[in-house]
Amino acid sequence: MTAAPSLRPAAPAHARRSPGLVSAVAMRTRVEMLQFYREPLQVFFGFAFPIVLFAIFATIFDQSWTMPDGTEVKTSTYYLAGMIAAAVMTSGFQSTAEIIATERDDRTLRRLAVSPMPRSAYLLGKVVLVLINTTLQTALLLVVARALFDVPMPHQVLTFAWVLLLGTAAATAAGVAFASALPSGRAAIAAATPITVVLSFFSGSYIPMSELPTWLQHLGYVFPQAWIARGLRVSLLPEQFGQEIEIAPFGLSDMPVLPLAALVLTAWLVVMLVLARTTFRWSPRDAG
Amino acid sequence: MTSTSPQTTPLPTEMPPPALTVSRLTKSYAGRRVVDDISLTVPRGRIFGLLGPNGAGKTTTIEMCEGLRRPDAGTIDVLGMDPQRLCEKDRNRLGIVAQSGSERASLTVREMVAQYAAYCEDPWDVTELLAATGLAEKAASRIATLSGGQRRRLDVALGIVAQPELVFLDEPTTGFDPAARREFWELIRSLRDLGTTIVLTSHYLDEIEYLADSVAVIRAGRIMAEGTLSQIHRTHGDSATVSWTGPDGPQRRTVPDPDPLLRELLAAHPHLPDLEVRRPSLEEIYLDLVSEESPLEEIYLDLVSEESR
C-alpha cells in the first residue's frame, strides 16, 4: 500500500456550500441518537428503571386518598407524576451532565471546538436528544400506568405538555451548567447521581410530598423537580386533591400553582443558561 | 525599444505571505518559562518541523498557534488571522489534528468523518479521505474496535477533512509501527504536494529528516537552531572529535579544527594506534543542541560505547 494517496474534494469548487446552524444541529442530533441508541443495554436499563420503580411504588404503596366528594385518588397516580418528573431529571440533568463531562475529558469537545461546527449546535443537539428520550420515556410510563395500574390519563393535556417541556428545558440547562461546575468529569459523574437520587426523595417522586415534614416540602419546592411533579399532578389528579392534600409552596397560598410552577421553572432555566454560557469550557481544566 | 503596452507580460507574482508567523512568543507556568521568547516563520506550502525532546515546549507552542492556549506575550499570525479570534468559518482553513481517547465510540469510522465533513464548506470526499488515511477497510467498523494507530489516523482524517490551508500535527506518529509511520509520511508529503502547509512537532529525528523542508530545534522553550537540516548540519557541525590511544590510555579531544591537533600528535608520537577523526552526525548535533548539561564529547562517548556497528 505504498501508492501515493489521492484526495479530491467532495464537491467541485463552484458548488461550495455554506452549512448553517440548522444542518449542524440536524447532524449533531443524528450523532447523539446513534451514540445513545447503539448501546442496547444502556437503553434498556435506562428506560426500564423508572418503569420498574413506578411499578414497585405503585404496588407497595397501594393506598388512596379520599376526597370530600368521595372520589378516590390512588397513590399510583401520584407516583406516575413523580416518576415522570424523576425521569426528566435523569435524562435532562444527570445524563446530560455526565455525558458532557465525559466528552470534555476525552477531548471530544475540543475536537468539535476547533472544527467549523457552529458551537451552539452541540448543546442544541443535546436538547433535541433529551426531548426525544423524555417523550419516549413518558409515553412508556403512561402506557404501563394505564395498562397495569388503571391510572387515568391526564385530564389537562395542555398542562401536562407544557410542564413536561419547560421542566425538561430547565433540567437540561441545569445539566449543562453542572457539567462545567466541577473541576473534572469524574467529579461531575460522581456527584450527579447522588444529587438526582436525593432530590427525588423530597420532590414527590419516591415519597408523596404530604408524607414529609412541611419544612422539607418547602425545601423541595426550591428545586425544579418538585415543580415538574406538582404541575403534572395538577394535570393528572382532580382539583380537590390540590386543595385538600397539597401545600402552598413557600406559603404562597394566594398564588395559583400553575403560574407559580411556570415562574420557578423559567427562573431555573434562565439562571442555568446564564451560568452555562459563562462557565462552559470546551477544553479540560488543564488547558491554559 | 517598444514602449510597454497594456498587454505586456505580467510582473512575477510576489512571494505569498508566510502561512505562520510567530513573534516573541512566551508562556510561563508556575513561574517557569515553558516557551521563552521564540520567533518562527513558516512559508506557505512547506512542511515545517519543530524538533525537540519531551518537555521542550513544542506542544505548548503549537497549542498557542492553534488558539487553544493564550500566550503571555508575543504575537501569532496564522494565515493572516489571530488564532485567539477565529470564527467558525475561519476554521475551514485551519486543520488541527487533535488526539482524543474517545470513550463514546459507537459511531463507525465513516459516520464520524462524515459528521465533521458536514460542518465544512469544502471538505475532501469522505471515501477518498478514508482511503488516503489507510482507514478504507475499517470504514464501517465502530471506532471502539480501532487499534491505537488507527485511532490516530482517524484523528488525522478528522483534522484535515475541511481541506485546510494549514495543518498542525503534534507528535503524530507516536506509537506507530514502522510501516504505519512510512504510510503516514507519504500522506503528509502528498498533502504538502497538494499545496497544504504543514506544521509538525516531533521528537523523532528521522521523521523530521524525511519530511521537513525547514526545521527549528527547540529545547527548554528556546530555539537552538533554525533553517533547513543541511544548514543546521553545516552551522552546528563544524567541529571534530579526534581520538587515539596514547601512553596514558585512550584520549579524546573535540576541537573546531582538527588539523593543528593532528599535526601536533603526529609530530609527537610516531605511532598512533586507533587514531580517528570523527565529525558529528546530524543526530549528535541534535542531541548536543538539546542536551542540558553534557558536552558533545560525553554524548559521543555514550553513543560509541552503546552501539555495535
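Buried area, the quantity with which this tour opens, is the accessible area, taken with a 1.4 Å probe, that two parts lose on being put together, summed over both. This is a predicted model, in which local features need pLDDT of at least 70 and side-chain atom pairs count only at pLDDT 80 or more, while totals for chains, interfaces and linings use all residues. Residues are numbered from 1 along each chain as its sequence is written, chains are lettered from A in the order in which they are written, and side-chain values use heavy atoms, with hydrogens and water left out.

Begin by selecting chain A and chain B together: they bury about 4300 Å² between them, with 54% of it on carbon and sulfur atoms. Within that selection, pick out A:Leu7, A:Arg111 and A:Pro116, which supply 20% of the area that chain A buries against chain B, more than any other three residues. Counting contacts (heavy atoms within 4.5 Å), 44 residues of chain A meet 47 residues of chain B.

Turn next to the cavities, meaning sets of points on a 1 Å grid over the protein atoms alone where a 1.4 Å probe fits but cannot get out, with lining residues having an atom within 4 Å of a point. A search of the whole structure finds six of 30 Å³ or more, where a volume is the space filled by probe spheres set on the points, which are joined across faces, edges and corners.

For the largest, of about 120 Å³, select A:Val114, A:Ser115, B:Ile96, B:Leu158 and B:Gly159, which of its 14 lining residues lie nearest the centre. Strand 5 of chain B (94–96) and helix 4 of chain B (148–160) each supply at least two lining residues; helices (H or I, at least four residues) and strands (E, at least two) are DSSP runs, numbered from the N terminus.

The second largest cavity holds about 80 Å³, and A:Arg28, A:Gln35, A:Thr108, B:Met112 and B:Gln115 lie nearest its centre among twelve lining residues.

Finally, colour chain B by pLDDT, the predictor's confidence in each residue, from 0 to 100: the mean is lowest in helix 10 (residues 296–306), at 60, and highest in helix 2, at 96.

Methods. 1 Å grid on protein atoms, 1.4 Å probe; cavity = no way out; pocket = protein on both sides within 12 Å on 5 of 7 lines; lining within 4 Å.
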